[in-house]
Amino acid sequence: MNGLSRRLRDAERAQRGSVPAWQDRLHRMVDRRRVGSDELTCVLGLPSRRDVLRIGGLGIAGSALLAACGGDDGGDARTDPSTKNAPAATDELDPGPETDRVLLNTALSLEVLAVDAYRRMGELGLVESASIRDAFAVFAAHHAEHRDVLAGVVQAAGVEPFLVPNPAVRVAFVDPALLGATVQGDLVRLAHDLERAAAQTYVHATGVLSTVEQRGQAMAIGAVEARHAAILDSLGELATEKPARYPTEYPLPQESRLEG
Amino acid sequence: MTASARPLRAVAWPSVQPVDGPGAAARAESIELALVAAYDALLDLVGDEVRPILETNRAHHRDHARGFADLAGDAATGDPDAALVESLAPQLDALGGQGAALAFARELEDRVAATHAHAITVVDDRGVAQDLASVLAVEAAHAASLRRLLGEGATEWFPDGAFEPTDPARGFTPQVVPPG
């Protein structure tokens, strides 16, 4: 575990060092006040907004991502008929050790992403409310704990822990949302959507993972992330829909799944 | 507390692990129905401003009970857990007003979340485990929302830290629901 702890520290340091450079490059590339969301999408080489994240069959690109890209053309993906019945961007996975490794490493990469996203949100200097600042700090600390536990689980499963923010979700969702954030509410929305997607990922995983131990670990984490989302919904007065159940399908694009 | 017009039956917490899917679903169904009954009582104690929140929670628990009954098949009872109802009734009767009612609802949600979190660690059926997970996430969210409603701060939101407790003692335990 000493080697793993060192790698966790190194990964965190590397992410801290790389982000400002990335932001600088991007800010040099585009003037976000003048560039429309479609152009920004094009510059970043992003997938279509509708393809970005699907939660319960609905694109959450319509919330944080549209706000992030600015210049919302009025099309709210949550009510857009063309996205309403979109199939989940996932194939059914056959349960087994290989699938366990895929799901666990993907979950790990989402935890790394969340830690990184909260740090970057803090650096933007947009958070004015002490409650939201406190929430972000607590949630980031939780994700760091989840990351460390999952890294151990992944290693125990015999594969290399993926200690990098999930590339597909970062590029398609988090980076543009952070780039376009101009007010505190943009960050709360981003955090909420990220938490909800993460929680749903664990709900999905519980129906696929091979062992009761893995399923128990997944939901010990997933339930807390559902709590995060609920608190953010309340703090940000987001008034999102409150269905009786979390959807069970994988909420993220297929590309976000990592190799086992 | 309004429980059920029908005679109540206790559902035993299975003592042998792992637990089979229908048994776990039946137990979850009976607990959810007990929560519906508890919310019936809590709704008498709150004002119009928060009533819709508790009504939504109650509707969710009713929905959860229906879903678990479907999974339980022949093992479903259709009744609230008798021992749990009996345990909650005097506590509900003693509640003094809206603040106490909300705090009690929060406690119920934390406990049912812990109950389902534990069940996921013992049930041998992936489908039932996923249904428990889908419900657990919503009930954990209920608890968190109630904590916000009660004016709790960040230091109080997560009494168990970064992980949902899976210890059965944190949920509705076999002591509350004795076998037999």
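These legends describe close-up views of a predicted model. Local features need pLDDT of at least 70, side-chain atom pairs count only at pLDDT 80 or more, and totals for chains, interfaces and linings use all residues. Residues are numbered from 1 along each chain as its sequence is written, chains are lettered from A in the order in which they are written, and side-chain values use heavy atoms, with hydrogens and water left out.

**View 1. The largest cavity, in chain A, is lined by 15 residues, including A:L110 and A:L194.** A search of the whole structure finds five cavities of 30 Å³ or more (a cavity is a set of points on a 1 Å grid over the protein atoms alone where a 1.4 Å probe fits but cannot get out, and lining residues have an atom within 4 Å of a point). The largest cavity has a volume of about 110 Å³, and the lining residues nearest its centre are A:L110, A:A114, A:L194, A:E195 and A:A198. Helix 8 of chain A contributes the largest share of this lining, six residues (helices are DSSP runs of H or I, at least four residues, numbered from the N terminus). By class, the lining comprises ten nonpolar, two polar and three charged residues.

**View 2. The second largest cavity has a volume of about 50 Å³.** Its lining consists of A:L103, A:L104, A:A107, A:L150, A:T201, A:Y202, A:A205, A:L209 and A:A218, with at least two residues supplied by each of helix 5 and helix 8 of chain A. Eight of these lining residues are nonpolar, one is polar and none is charged.

**View 3. Helix 1 (residues 21-43) and helix 5 (residues 126-149) of chain B have axes that come within 11 Å and cross at roughly 25°.** That angle makes helix 1 of chain B roughly parallel to helix 5 of chain B (angles under 35 degrees count as roughly parallel). The contact (heavy atoms within 4.5 Å) is made by B:G21, B:A24, B:A25, B:A28, B:E32 and B:Y39 of helix 1 and by B:V128, B:L132, B:V135, B:E139 and B:L146 of helix 5.

**View 4. The largest pocket holds about 540 Å³ of space.** A pocket is an open set of points with protein on both sides within 12 Å along at least five of seven lines. Among the 26 lining residues, A:A230, A:D233, A:K242, B:A141 and B:S145 lie nearest the centre of the largest pocket. Helix 5 of chain B gives the most to this lining, with seven residues, and the lining as a whole divides into twelve nonpolar, eight polar and six charged residues.

Notes. Points joined across faces, edges and corners; volume = space filled by probe spheres on them. Nonpolar A, V, L, I, M, F, W, Y, C, P; charged D, E, K, R; others polar. Axes fitted to C-alpha atoms, helices over the stretch in contact; angles between N-to-C directions. Parallel < 35°, antiparallel > 145°, perpendicular 65-115°, else oblique.
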